[in-house]
Amino acid sequence: ARITALLPLKKGGGGGKREKPRVPQGLREVDRWRLGPRAGRDFALLTGDVNPIHWLPPYARMAGFRNTILHGFGGLARLYESLVKRVLSGDPSRMETLEVRFVRPLVLPARVGVFVDRDQCCVGDALDGPAYFTGTYGVRDAARAEDDDDE
């Protein structure tokens, strides 16, 4: 087996330390996830993405994390599911766009919330707490979604 870890290099220059992203005030929590220590392993088994930082704690620690971390796409899938269930009344055809930036590793196990306001979405610990994913989403109005289904 061959294992490769990709680690970001520090960028030179630019002055001081960059502030870590936080969950913005003014958003409302619409869902809460309880992610167990095996969430990374479960996603790896589901998708075949077996990067060991997601399911082997010793390897994750060698890569600089205190434990395994959730897959970015695993978090994106859960965010999508939360938005559909909690914001779009269970109608996935209303989701037009979802753009997410992974801004901090989500170390497992964890309890995190999904926060939204208008077109903004965020996954994090709490309002003004650490953010793991930030982004925006676009919604079609219900009538347009029905028209698209009829075509």
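This is a predicted model: local features need pLDDT of at least 70, side-chain atom pairs count only at pLDDT 80 or more; totals for chains, interfaces and linings use all residues.
Two aromatic pairs were counted, that is, 2 pairs of rings whose centres lie within 6.5 Å. In one of them, the ring centres of Phe-73 and Phe-102 are separated by 6.2 Å and the ring planes meet at 75°; the pair is therefore classed as edge-to-face, given that the class requires an angle over 60 degrees. Phe-73 belongs to helix H3, which covers residues 72-86, while Phe-102 belongs to strand S2, which covers residues 95-102. Because the two positions are 29 residues apart in sequence, the contact ties together separate parts of the chain.

The other pair is formed by Phe-102 and Phe-133, with ring centres 5.3 Å apart and planes at 80°, so this pair is also edge-to-face. Here strand S2, which holds Phe-102, is linked to strand S5 (residues 131-139), which holds Phe-133. The two residues are 31 residues apart, and the pair thus links distant parts of the chain.

Taken together, the ring pairs join Phe-73, Phe-102 and Phe-133 into a cluster. Phe-102, at 41%, counts as partly exposed. Phe-133, at 5%, counts as buried, since values under 20% fall in that class.

A contact of another kind involves Arg-78 and Trp-33. Arg-78 is placed over the face of the Trp-33 ring, at 5.2 Å from the ring centre.

Key:
Residues are numbered from 1 along each chain as its sequence is written. Side-chain values use heavy atoms; hydrogens and water are left out. Rings of Phe, Tyr and Trp (its six-membered ring) pair if their centres lie within 6.5 Å; planes under 30 degrees apart count as stacked, over 60 as edge-to-face and the rest as tilted. Helices (H or I, at least four residues) and strands (E, at least two) are DSSP runs, numbered from the N terminus. Buried means under 20% relative accessible area, exposed over 50%, partly exposed in between (1.4 Å probe, protein chains only). A charge sits over a ring if NZ of Lys or CZ of Arg is within 6 Å of the ring centre and within 35 degrees of the ring normal.
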